Amino acid sequence: MVETAQPGRDAMGPGASSPLPDHSVVPGVWSRITNLDVDRGEGSWLITRDGERYLDYSSGIGVANTGHAHPRVAAAVATQAAKLLHGQQNILYHEPGLRLYDRLRGLLPGGPWQAFLSNSGAEAVEASVKLSRVATGRPAILAFRYGYHGRTAQTMALTTAKDVYRAAFEPLPGSVYHTAYPYCYRAPGGGHAPDACTCDWEAQLDLTFRQLIYPDRVAAVIVEPVLGEGGYIVPPPGFLPRLREITRQHGILLIADEVQTGFGRTGELFAVQHWGVEPDIVVIAKGIASGLPLSGILARAELMAAWKPGTHGGTYGGNVVSCAAANATLDVIEDEGLVANARERGAQFLAGLRSLAGRYAGVGDVRGLGLMLALELVRPGQGDGRVPDPELTKRIQTEALGRRLIVLTAGTYANVIRIIPPLVTTADEVALALSVLDESLAAAGA
Ligand SMILES: Cc1ncc(COP(=O)(O)O)c(C=O)c1O
């Protein structure tokens, strides 16, 4: 095949001095919210090749909890990379891995936990499903409407956050059932604060057991303690404790998908700690290694023992450089008090968002836990006052980007502005983001 020169591309092929290829080299399946060409990151900031600074309140979708390129994490990665890049877990032990496995044992109350380490969030969710089925001998998995668990075949089957994540890929793996998540703002009869929520999730779960699947055929219920991609939905206080009771009553394992909520994001190291709930399996990823690919599940040793050697694994799981990054990440979270900072900056941010909501009729709901925050945008005066407004949401995001603040959107109706700052963010940065959001809401016509 004769290669022809592409626009903006050196006909001699890539090299240090050649111009960059244009964006068409990247397949369009990667939906993208900016065209920023980023050279480096520092704390809460991303810096383009032109030297423009953007306040990154996406954190690379909830990953850069320690901020971009934290010097301690970067140093740990560089040191480890110079020694060993890949130490395969079926073949050998390595010190960063052993250290990390040991630290993960006591990270969450209810242990000691054993970890199985893998690479992506979806891969870890897959592991949680496999372990649940093998440990219980039951086939079915129960997930929640609005939930997001990934884009592999099994995790697509669990995911209902949006049609785009699954609808084009039928048939999906079977024996997966969905029940209602308590989305208090959209509860029948009007928008409600979580402590006055009228969601009938428990009745819906009961119906699910009566109409779709016997509870004694259910291996596990998988739940996001705070729902992420589906709309940053904080459940009412009684939800997780009651779900824990119900699952215990039926011998069903409880899987907490803490891929997005973990490692300090919500103002506790793990979100389940807000409600004192002890899951059987905890799925971890994203914030664990500050950007290097690493994920895993935590389960108690008796449960982990249900897995016979070789029934699960993978070439890269628990990569040595990722483990070194994770150990440094845990050090930074601890030494810099990032969980407390998430609580404090989260309270500051939430108060600011609430005051914005009082001034802009298009803001239907404000919610969040720690530094996992959301504005839900609606069309005031239409329907029951909660008609989603995805166009307004997009305009706000675009206005914010024009003012050099990066925020994401979320939600089944794409009408939620989703704010995920790095946990190192400062009070001044939060104040700046709030003033940019204020201007953006005004400019977008909220
Ligand atoms: C709650 C939750 N589970 C699973 C995943 C999938 O993780 P990954 O994209 O690393 O496969 C995500 C990703 O956003 C998530 O938020």
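Proline 171 sits in the loop between α5 and β6. In this predicted model, a cis peptide bond joins glutamate 170 to proline 171, with omega at about 0°. Serine 175 lies in the loop between α5 and β6 as well. The phi of serine 175 is near 60°, a positive value in a residue other than glycine. With 27% relative accessibility, serine 175 counts as partly exposed.

Proline 112 belongs to the loop between α3 (95-105) and β4 (113-118). These features stand out because most residues other than glycine have a negative phi, and most peptide bonds are trans.

Strand β5 covers residues 140-144; five of its five residues are buried, so the strand is largely enclosed by the rest of the structure. Cover is found on both faces of β5. One side carries Ala140, Leu142 and Phe144, the other Ile141 and Ala143, and all of them are buried.

Which strands pair with β5? One is β6 (residues 176-179), which pairs with β5 in the parallel sense over four bridges. Within that pairing, phenylalanine 144 has threonine 179 of β6 as its bridge partner. Another is β7 (residues 218-223), also in the parallel sense, over three bridges. Here isoleucine 141 has alanine 220 of β7 as its bridge partner.

Strand β1 (residues 38-42) and β2 run antiparallel and are joined by four bridges. In this pair, glutamate 42 stands opposite tryptophan 45 of β2. The hairpin of β1 and β2 has two residues between the strands, and glycine 43 takes a positive phi near 60° there.

β2 is also joined to strand β3 (residues 53-56), by three bridges, and these two strands run antiparallel. Isoleucine 47 has arginine 53 of β3 as its bridge partner. The hairpin of β2 and β3 has four residues between the strands, and in it glycine 51 takes a positive phi near 85°.

**The ligand site**

Which residues surround the ligand? They are Ser120, Gly121, Ala122, Tyr148, His149, Gly150, Glu224, Asp257, Val259, Gln260 and Lys286. By class, this shell has three nonpolar, five polar and three charged residues. Polar atoms of the ligand and the protein come together at the places in the table.

| Residue | Atom of the residue | Atom of the ligand | Distance |
|---|---|---|---|
| Tyrosine 148 | polar backbone atom | nitrogen | 3.5 Å |
| Aspartate 257 | polar side-chain atom | nitrogen | 2.7 Å |
| Glutamine 260 | side-chain N or O atom | oxygen | 2.8 Å |

How much of the ligand does the protein bury? Taken alone, the ligand exposes 390 Å², and the protein buries 82% of that.

Lysine 286 is one of the residues around the ligand. Its place is in the loop between β9 (281-284) and β10 (295-300). Although lysine 286 is not a glycine, it has a positive phi of about 40°. Is lysine 286 buried or partly exposed? Lysine 286 is partly exposed, because its relative accessible area is 22% and buried means under 20%.

**Tryptophan 307**

Tryptophan 307 is found in a loop too, the one between α8 (301-304) and α9 (320-335). Its relative accessible area is 12%. Tryptophan 307 is therefore buried, as that value falls under the 20% limit. Along the chain, tryptophan 307 and arginine 49 are 258 residues apart.

How values were computed: Residues numbered from 1 in each chain as written. Predicted model: local features only at pLDDT ≥ 70, side-chain atom pairs only at ≥ 80, totals over all residues. Heavy atoms only, no water. Near = heavy atom within 4 Å. Polar contact = N/O pair within 3.5 Å; in protein donor to acceptor, adjacent residues only side chain to side chain. Areas by Shrake-Rupley, 256 points an atom, 1.4 Å probe, with all protein chains shown as cover. Nonpolar A, V, L, I, M, F, W, Y, C, P; charged D, E, K, R; others polar. Buried < 20%, exposed > 50% of the residue type's maximum accessible area, 1.4 Å probe, protein only. Pairing = 2+ DSSP bridges.
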